[in-house]
Amino acid sequence: MVEHVYSMGLYGLDAFVVEVEVDLSRGLPAFEVVGLPDAAVRESRDRVRAALKNMGFQFPVSRITVNLAPANKRKEGSLYDLPILIALLRASSQLDVSVEDSIFLGELSLSGAVRPIRGTLPMAIAAKEAGFRRLFAPAQNAAEGAVVQGLEVYPVRNLESLLAHLTGRVPLSPILPGDTPSQNDGLFPDFAEVRGQEEAKRALEIAAAGMHNVLLIGPPGSGKSMLAKRLPSILPDMTFEESIETTKIHSIAGTLPTCTALIRARPFRSPHHTVSAAGLSGGGILPKPGELSLAHNGVLFLDELPEFSRSAMEVLRQPIEDGRVTISRASGAVSYPCSVMLVAAMNPCPCGYFGHPTRRCVCSAGAVSRYLSRVSGPLLDRLDLHIEVPAVEFDKLDSSLPSEPSSSIKQRVDAARAIQNDRYRGTAISCNARITPECLHTICVLSDDARNLFKHAFETIGLSARAYDRILKVARTIADLDGSEQIQAVHAAEAVQYRALDRKYWTREL
């Protein structure tokens, strides 16, 4: 006798319906799972057998064949335990209920408890699009599925409660979107705690207003990491669409906090410099999101940039430009969004004190040159603002005057973003950093003085075409902060100064 139950599968960000078919036939007792299962799916045989027996059910003494259709798509993970068990109970006539409009997800413990899985949100969205009405998911994952309107999501803690619901003895209550919390910690440190570094704060305000990439250069202890960790506190709040997309990525990666419906706070990812290229971009037999995608709609902070491997740094170039990272395998290609604000920090030399006003640098010219050459020119071109973070003077550290809080800076950033939202409404552009080449000169309108200043800077500093385009975008953001429709000379001058470090450090001209 053949019975079937519906579940879901994942490939990249996309989910698809999986029909779990169970056939009981005569022959020597066996339990086979087919349909391109991975090791975790094949091991479900033992978990299902133990859960059935420990719950007091009879395990069929038959030749059991489980087919996961479509058979041409690879299935992975432990989420098929629950649908296999339900289909097995129906096939052995131990459960007589209709489940045609339901999706079942969940890993089983040997005692019948239902354990959490990855990817519930994208699977819930796909289930709703496929016309299903009910989703039975582990209690720890039900909150994210409940975000989907028009789909009843039931939290399942153990097999006993699920079967009581299906048979009508003790109904479960579906989770409503308002019943679950969103992850919105708001625990990012505040700029009010930073003494001094007013120029660096101004540059980060510009970066936040236009979502520009940033390079912080300065000696050890000057506050580079301190500034970077406070950057999310001044970024605009995420839209609902951004929250959904970010939550989907973290759900697939298994990094979504337990019982969380949506991620509302912008991600801040800070991988160690030993991270591999695959760790940044993502990978695996069935590719998973890397740090780039986990930082989508937020900040990716790379501290001690020259210490990262060359391959890890170079893998950033194309995704930063395109806002997507594509991972190709023999079985196909997967694309993950990675619209991130890249923030990198580095010392000016191996010892960290090259150009320091009071401490002597002990590095040779060759050592400094080799250290700086670890950061390639193409990657440097993609960093819009190069910010010098000098050592803080004692008087500023000891000052009792309060620094400007993040809330005040965020008000100005939000005002600039509001201007950009109005300007780009109805287009694919989200902020100034994402202005497309065909729109660049239409949006970044220069005054005559600003054009002359840019021409002089281009010829003097030796900027590349990409660097010039990025300076134009930064100038557009500065003008937005100033409430100016046209880019004036003062806006252009401030934008150009954030590329002056190209000349100061990489040619060692102090």
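Between which strand and which helix does the loop that holds Glu304 lie? Select Glu304 and follow the chain both ways: the loop runs between strand E14 (299–302) and helix H12 (310–314). Keep in mind throughout that this is a predicted model. Glu304 has a positive phi of about 55° although it is not a glycine, and the setting is worth a look because most residues other than glycine have a negative phi. Color by accessibility here and Glu304 comes out as partly exposed, with a relative accessible area of 27%.

Next, select Gln197, which also is not a glycine and has a positive phi of about 55°. Gln197 sits in the loop between helix H6 (159–166) and helix H7 (198–210). Is Gln197 buried or exposed? Its relative accessible area is 6%, so Gln197 counts as buried, the cut-off for that term being under 20%.

Now go to Pro70 and display the backbone atoms that link it to Ala69. The peptide bond joining Ala69 and Pro70 is cis, with omega at about 5°, whereas most peptide bonds are trans. Pro70 itself belongs to the loop between strand E4 (63–69) and helix H3 (81–91).

The side chains of Glu494 and Arg202 are joined by a polar contact of 2.8 Å.

Finally, zoom out to the whole protein chain, which has 22 helices and 18 strands and whose C-alpha atoms fill a box of roughly 85 × 50 × 45 Å along the principal axes. Of its 510 residues, 53% are buried. Among contacts with a separation of 6 or more, 74% are between residues 24 or more positions apart. A surface display of the protein chain shows an accessible area of about 21,900 Å², and 51% of this belongs to carbon and sulfur atoms. If you then color by charge, there are 55 positive and 57 negative side chains, and the centres of the two sets lie 4 Å apart.

Definitions and conventions
Residues numbered from 1 in each chain as written. Predicted model: local features only at pLDDT ≥ 70, side-chain atom pairs only at ≥ 80, totals over all residues. Heavy atoms only, no water. Helix = DSSP H or I, 4+ residues; strand = E, 2+ residues; numbered from the N terminus. Buried < 20%, exposed > 50% of the residue type's maximum accessible area, 1.4 Å probe, protein only. Contact = heavy atoms within 4.5 Å. Areas by Shrake-Rupley, 256 points an atom, 1.4 Å probe, with all protein chains shown as cover. Lys, Arg positive; Asp, Glu negative; His and termini not counted. Charge placed at Lys NZ, Arg CZ, Asp CG, Glu CD. Polar contact = N/O pair within 3.5 Å; in protein donor to acceptor, adjacent residues only side chain to side chain.
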